[in-house]
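Please examine the sequence and the three-dimensional structure shown here before reading on. The explanation that follows is meant to be read beside them.

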Amino acid sequence: MLLYVFIFTVNVAINKPAYQQYPVRGEERYEAGKAVDGRKSDLSSWGGQCTASESYKRTATWWVNLISIHSIHHITIYFLTSNKQWGPSNWRTKYYLGFSVYVSNTADKLQGILCYKDNN
């Protein structure tokens, strides 16, 4: 008797509508949709594969509309790293301290579930 187990991971956010609170004005290369286009080979400012928010804002809120209800097993976030190793030696690390991840059936994060909170 043979038992085959197949596990498939599907990116349910791929090419779904994405939004951000403070988009970088005049910079299409940083639009919210870059975070859900499936591209992640160049995580630099000039790679055109990352989203970014306007500088000097206290918060940087970004969200994706998955269109329909999904069972979510895990969420993977790729940060803008300047294509350098992620960690204390990467100067960009400090910009992501204190971030949170919510999952909600509405556009209101307060009606959702806090899935992750960085306490650094």
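The paragraphs below lead through selected residues and the contacts of their side chains.

This is a predicted model, in which local features need pLDDT of at least 70 and side-chain atom pairs count only at pLDDT 80 or more, while totals for chains, interfaces and linings use all residues. Residues are numbered from 1 along each chain as its sequence is written, and side-chain values use heavy atoms, with hydrogens and water left out.

Strands here are DSSP runs of E with at least two residues, and helices are runs of H or I with at least four, numbered from the N terminus. Glutamine 20 counts as buried because its relative accessibility is 10%; the term buried stands for under 20% relative accessible area, exposed for over 50%, and partly exposed for values in between, with a 1.4 Å probe and protein chains only. The side chain of glutamine 20 is joined to that of threonine 51 by a polar contact of 3.2 Å. Such a contact is a pair of N or O atoms within 3.5 Å; within protein, one must be able to donate a hydrogen and the other to accept it, and residues adjacent in sequence count only if both atoms are side-chain atoms. A polar atom of the glutamine 20 side chain also lies 2.7 Å from the backbone oxygen of alanine 52. When residues up to four places away in sequence are not counted, glutamine 20 touches several residues, including Tyr30, Glu31, Trp62 and Trp63, where contact means heavy atoms within 4.5 Å.

The loop between β1 (18-20) and β2 (62-64) holds serine 45. With a relative accessible area of 16%, serine 45 is buried. Its side chain makes a polar contact of 2.6 Å with the side chain of arginine 92. Apart from neighbours within four places in sequence, serine 45 is in contact with Arg29, Tyr30, Leu80 and Arg92.

Charged side chains come next. Side chains of opposite charge can pair when their charged atoms come close. A salt bridge is taken as a side-chain nitrogen of Lys or Arg within 4 Å of a carboxyl oxygen of Asp or Glu, and by this rule the count comes to 2. Arginine 25 is exposed, at 66% relative accessible area, whereas glutamate 54 is partly exposed, at 23%. A salt bridge also joins the side chains of arginine 29 and glutamate 27, at 3.4 Å from N to O. Arginine 29 is partly exposed at 24%, and glutamate 27 is partly exposed at 30%.

A charge can also be placed relative to a ring. The charged end of lysine 57 sits over the ring of tyrosine 22, 4.8 Å from its centre; the rule asks for NZ of Lys or CZ of Arg within 6 Å of the ring centre and within 35 degrees of the ring normal.

How many aromatic pairs does the structure hold? There are 7 aromatic pairs. Rings of Phe, Tyr and Trp (its six-membered ring) pair if their centres lie within 6.5 Å; planes under 30 degrees apart count as stacked, over 60 as edge-to-face and the rest as tilted. Phenylalanine 79 and tryptophan 86 form a stacked pair, with 5.1 Å between centres and 10 degrees between planes. Phenylalanine 79 is buried at 18% relative accessibility, and tryptophan 86 is partly exposed at 35%. Tryptophan 86 also forms a tilted pair with tyrosine 96, at 5.6 Å centre to centre and 50 degrees between the planes. These two residues are both in the loop between β2 and β3 (100-103), 10 residues apart. Tyrosine 96 is partly exposed, with a relative accessible area of 22%. One aromatic cluster is formed by Phe79, Trp86, Tyr96, Phe99 and Tyr116.

The cysteines remain to be considered. The structure holds 0 disulfides, a disulfide being a pair of cysteine sulfur atoms within 2.5 Å. Cysteine 50 is buried at 7% relative accessibility, while cysteine 115 is partly exposed at 45%.
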